Amino acid sequence: MDKLTDYKDATSYNNFYEFGTDKGDPVKNAGTLKTRPWTVEVEGLVKKPGKYGIEDLLKLSAQEERIYRLRCVEGWSMVIPWVGYSLAELIKKVEPQGNAKFIEFVTLADPKTMPFVGSRVLDWPYTEGLRMDEAMHPLTLLAFGMYGEVLPNQNGAPVRLVVPWKYGFKSAKSIVKIRFVKKEPSTAWNKAAAQEYGFYSNVNPNVDHPRWSQATERRIGDGGGLFAKRNKTLMFNGYEAQVGQLYAGMDLKKNY
Ligand SMILES: Nc1nc2c(c(=O)[nH]1)N[C@H]1C(S)=C(S)[C@@H](COP(=O)(O)O)O[C@H]1N2
Ligand SMILES: [Mo]
């Protein structure tokens, strides 16, 4: 098993554009994020829509630790012990209707506490989406903590997704709404640059980002600076045995 990324690296080298675009911005700026009270609204094609308080969500199913790799599309990766339960547990509780085929995740966009939510880097709020079978896959984690502690604000407190076989940007932070829909939802990164960030966003070393290769990655904490050693990136970030069948028959170059 891979060595865990140091807690310090995992909590000070982040992407959370609501708090700035530099890797060191979220740890500096996310102190203003107010994580209580917090509700997640479940809406759309479900039999039990409603506002679910964070305290109820925390108790909805038994939480466990899961060590997952997280690979950013920028070419770096970490190995993090997340704490949470499968998103499938929540999905089953709210009882999706038969015509719900996708889920859209909407995250907090509060200009009062998030200094970059007035900037034009993204069309806020940050949104992401999964196909229903991806969302139901047991590896898809609804995370409330990491390293045995509650999530630090910069890592997406109080609740985020972790989808380990997809690029990091699919793992939406500080979720406030989960919407069950019929059609593939748009996503923040796809709206910002459609030719660079598709809906599926599976880690695929054979599909280059238009501006750089995805064949290798740098493990944060390995050191080496400019001459850092790079590891080969694996198909589906190494989770092919578990998730490959979700995409049987799909052209993963077209559906990047
Ligand atoms: N709301 C929100 N969620 C987000 C992002 C963001 O900017 N805003 N960045 C994404 C990207 S690009 C990555 S790589 C991961 C980084 O998660 P980490 O900082 O916990 O490693 O969060 C994802 N979730
Ligand atoms: Mo990312």
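**Ligand 1, its pocket and the backbone of a predicted model**

A nitrogen atom of ligand 1 lies 3.2 Å from a polar backbone atom of asparagine 15. The structure is a predicted model. Ligand 1 sits in the largest pocket, and 16 residues surround this ligand. The points below take the ligand first, then the pocket, the cavity and some details of the backbone.

**Ligand 1 and its surroundings**

- The residues closest to ligand 1 are Asn14, Tyr17, Glu18, Arg160 and Lys173.
- Glutamate 18 makes a contact through its side chain, where an N or O atom is 2.8 Å from a nitrogen atom of ligand 1.
- Serine 171 makes a contact through its backbone, with an N or O atom 2.9 Å from a nitrogen atom of the ligand.
- On its own, ligand 1 has 530 Å² of accessible area, and the protein covers 99% of this area.
- By class, the shell around ligand 1 is made up of 7 nonpolar, 6 polar and 3 charged residues.

**The largest pocket**

- The pocket that holds ligand 1 has a volume of about 430 Å³.
- The lining of this pocket has 27 residues, and those closest to the pocket centre are Asn15, Phe16, Tyr126, Gly168 and Phe169.
- Strand S4, residues 76-86, gives the most to the pocket lining, with 4 residues.
- The lining of the largest pocket divides by class into 17 nonpolar, 6 polar and 4 charged residues.

**The cavity**

- The largest cavity has a volume of about 30 Å³.
- Its lining consists of Val40, Leu57, Leu90, Leu142, Val159, Ile175 and Ile178.
- These lining residues are 7 nonpolar ones, with no polar and no charged residues.

**Backbone details**

- A cis peptide bond runs from tryptophan 124 to proline 125, with omega near -5°.
- Proline 125 belongs to the loop between strand S5 (102-107) and strand S6 (127-131).
- Another cis peptide bond runs from alanine 157 to proline 158, also with omega near -5°.
- Proline 158 is in the loop between strand S8 (149-150) and strand S9 (160-162).
- Serine 174 has a phi near 50°, which is a positive value in a residue other than glycine.
- The position of serine 174 is in the loop between S9 and strand S10 (175-181).

Notes
Residues are numbered from 1 along each chain as its sequence is written. Chains are lettered from A and ligands numbered from 1 in the order in which they are written. This is a predicted model: local features need pLDDT of at least 70, side-chain atom pairs count only at pLDDT 80 or more; totals for chains, interfaces and linings use all residues. Side-chain values use heavy atoms; hydrogens and water are left out. A residue is near a molecule or strand if one of its heavy atoms lies within 4 Å of it. A polar contact is a pair of N or O atoms within 3.5 Å; within protein, one must be able to donate a hydrogen and the other to accept it, and residues adjacent in sequence count only if both atoms are side-chain atoms. Accessible areas come from the Shrake-Rupley method with a 1.4 Å probe; for residues, only the protein chains shown count as cover. On a 1 Å grid over the protein atoms alone, a cavity is a set of points where a 1.4 Å probe fits but cannot get out, and a pocket is an open set with protein on both sides within 12 Å along at least five of seven lines; lining residues have an atom within 4 Å of a point. A molecule sits in a cavity or pocket if more than half of its atoms lie within 2 Å of its grid points. Ala, Val, Leu, Ile, Met, Phe, Trp, Tyr, Cys and Pro count as nonpolar, Asp, Glu, Lys and Arg as charged, and the others, Gly among them, as polar. Grid points are joined across faces, edges and corners, and a volume is the space filled by probe spheres set on the points. Helices (H or I, at least four residues) and strands (E, at least two) are DSSP runs, numbered from the N terminus.
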